[in-house]
Amino acid sequence: MTTTEQAEPTRREQILATAAELFAARGFHGVSVAELGAACGISGPALYKHFPGKQAMLAEMLVSISEQLLAVGRERVVTADGPAAAVRALVDWHVEFALGHRPLIVVQDRDWESLPEQAREQVRRLQRSYVDLLASQLRALRPELSKPTAHAAAQAAFGLLNSTPRAGHAIDDDELRTLLANMAVAALGATT
């Protein structure tokens with residue numbers, strides 16, 4: 001099974017999804033273990049069968065999304081027909097991810113400092129690789145771009161796409177998907 005195929009979520013993944021929703025709504029420190037357990041249909045102490053604590057949940061949540069972004073991003077680049085198609089595929093993937101995981105984007109943005117240092121470094125490393133992936137395709141498409149400029153453009157495009165939780169309340173997801181993808185591709189100078 002490829003990373004883009006969806007399997008039935010495990011109990012652990014269900015707990016992480018519930019935690020992401022609660023953390024996004026009230027902040028990492030605004031959610032107790034008892035409240036988290038109740039939202040998952042178990043006692044708070046029963047959560048410790050799955051995770052050593054809330055910080056471990058946050059770490060797994062943010063590390064796993066960074067791993068997923070990079071793995072699927074690499075798949076999209078490998079299967080793309082050239083750099084322009086790869087840029088579009090990466091943008092489309094990120095929009096798809098952002099629309100499907102709004103709470104995780106909010107949690108990473110707001111609760112970054114609550115992440116244990118080792119996990120923070122792992123997320124940074126994965127995210128740098130993800131930005132490098134887009135930046136390298138931009139440079140292949142637009143050789144006049146310096147490496148720092150391509151990285152800045154990639155980071156800015158991902159920033160635009162990560163605005164998804166705060167955008168589009170007046171339009172449906174299909175319209176928002178098209179709007180954000182077209183804006184990002186145009187901003188990157190990757191229109192064909």
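**Rings and charges, explained**

Visitor: What makes F23 buried?

Guide: F23 has a relative accessible area of 0%. Buried means under 20%, exposed over 50% and partly exposed in between (1.4 Å probe, protein chains only), so F23 counts as buried. This is a predicted model, where local features need pLDDT of at least 70 and side-chain atom pairs 80 or more, while totals for chains, interfaces and linings use all residues. Residues are numbered from 1 along each chain as its sequence is written, and side-chain values use heavy atoms, without hydrogens and water.

Visitor: How do you know that F28 is buried?

Guide: The relative accessible area of F28 is 4%, so it meets that cut-off too.

Visitor: How many aromatic pairs are there in the whole structure?

Guide: The search finds three. Among them is F23 with F28, at 5.1 Å centre to centre and 70° between the planes. Rings of Phe, Tyr and Trp (its six-membered ring) pair if their centres lie within 6.5 Å; planes under 30 degrees apart are stacked, over 60 edge-to-face, the rest tilted. F23 and F28 are therefore an edge-to-face pair.

Visitor: Why is the pair of Y130 and F158 called stacked?

Guide: Their planes are 15° apart, with 4.6 Å between centres, so the pair falls in the stacked class. Both Y130 and F158 are buried.

Visitor: What makes R12 sit over the ring of F51?

Guide: A charge counts as over a ring if NZ of Lys or CZ of Arg is within 6 Å of the ring centre and within 35 degrees of the ring normal. The charged end of R12 is 4.1 Å from the centre of the F51 ring. K54 likewise lies over the face of F28, at 4.5 Å.
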